[in-house]
Amino acid sequence: MIKKEVLIEETRSFLKRPLLFEHSLAVAQMAEQLADDCLNQRLNIRHNSKEANKKFTDGSVSKSQAFVGGPRHDIGGVYPSCQRISQAEKWGLKLLPQEKEFPFKEGLLTELSVSLESAALYYIDFILAEGLKVAHPWLLEARKDLRRHLQS
């Protein structure tokens, strides 16, 4: 397993965009915390219920595995939209049909250069405009919060 410090420095070097790096690192830290919370919840359930114990296996994602996923989730942000599909195919990554039909928009990268909040709002507005079938109430609340934050 790659050391956390090495991953962080390799990510910083590869991304070459401070805001994108900070975002990726924050996602890694949150993923690590969520993995830890899930593990603790499973342990509490196992301790308190033999029935619940039957439902869980030991195949959970470790904190370190979750952390590794964070810096890698936005790796495509380094490449211009016109290069993302070919780069992913070059690396042997399997793409969903939706990813081939619509790679990340340039507008998102433009908003990312303004702020993470601006990029997040841009993306939420985009997915809602494109006909998201069901918008979770938390998504709609996040959208309101981002708009308030950006207007202040």
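**Helix α5 and the rest of the chain**

Analyst: In this predicted model, the face of α5 turned away from its buried side carries two exposed residues, Cys82 and Lys90.

User: Which residues of helix α5 are buried, and why do they line one face of the helix?

Analyst: Helix α5 covers residues 81-90. Seen down the axis of α5, the buried residues fall within an arc of 100°, so they line one face of the helix. What covers these buried residues includes α7. The buried residues of α5 are Ser81, Arg84, Gln87 and Ala88.

User: Which residue with a positive phi follows α5?

Analyst: The phi of the residue in question is positive, near 80°.

User: Is Lys16 buried or exposed?

Analyst: Lys16 sits in the loop between α1 and α2, and it has a positive phi of about 55° although it is not a glycine. Its relative accessibility is 70%. Because the cut-off for exposed is over 50%, Lys16 counts as exposed.

User: What share of the contacts in the protein chain with a separation of 6 or more comes from residues 24 or more positions apart?

Analyst: The protein chain has 152 residues, of which 24% count as buried. Among the contacts with a separation of 6 or more, the share that comes from residues 24 or more positions apart is 55%.

User: Which residues does Ala28 touch, not counting residues up to four places away in sequence?

Analyst: Ala28 belongs to the largest nonpolar core. Leaving out residues up to four places away in sequence, the residues that Ala28 touches are Ala66, Phe67, Gly70 and Pro71.

User: What is the volume of the second largest pocket, and which helix gives the most to its lining?

Analyst: The second largest pocket has a volume of about 320 Å³. Of the 14 residues that line this pocket, the closest to its centre are His23, Asp74, Phe104, Leu108 and Ala119. By class, the lining has ten nonpolar, three polar and one charged residues. While α2 (18-48), α7 (106-114) and α8 (116-129) each supply at least two residues of the lining, the helix that gives the most, with five residues, is α8.

User: Where is Leu132 found, and which residues does it touch, not counting residues up to four places away in sequence?

Analyst: Leu132 is found in the loop between α8 and α9 (137-151). With a relative accessible area of 37%, Leu132 is partly exposed. Leaving out residues up to four places away in sequence, the residues that Leu132 touches are Ile127 and Leu139.

Notes
Residues are numbered from 1 along each chain as its sequence is written. This is a predicted model: local features need pLDDT of at least 70, side-chain atom pairs count only at pLDDT 80 or more; totals for chains, interfaces and linings use all residues. Side-chain values use heavy atoms; hydrogens and water are left out. On a 1 Å grid over the protein atoms alone, a cavity is a set of points where a 1.4 Å probe fits but cannot get out, and a pocket is an open set with protein on both sides within 12 Å along at least five of seven lines; lining residues have an atom within 4 Å of a point. Grid points are joined across faces, edges and corners, and a volume is the space filled by probe spheres set on the points. Ala, Val, Leu, Ile, Met, Phe, Trp, Tyr, Cys and Pro count as nonpolar, Asp, Glu, Lys and Arg as charged, and the others, Gly among them, as polar. A nonpolar core is a set of buried Ala, Val, Leu, Ile, Met, Phe, Trp, Tyr and Cys residues joined through side-chain atoms within 4.5 Å. Buried means under 20% relative accessible area, exposed over 50%, partly exposed in between (1.4 Å probe, protein chains only). Contact means heavy atoms within 4.5 Å. The arc is that of the directions from the helix axis to the C-beta atoms.
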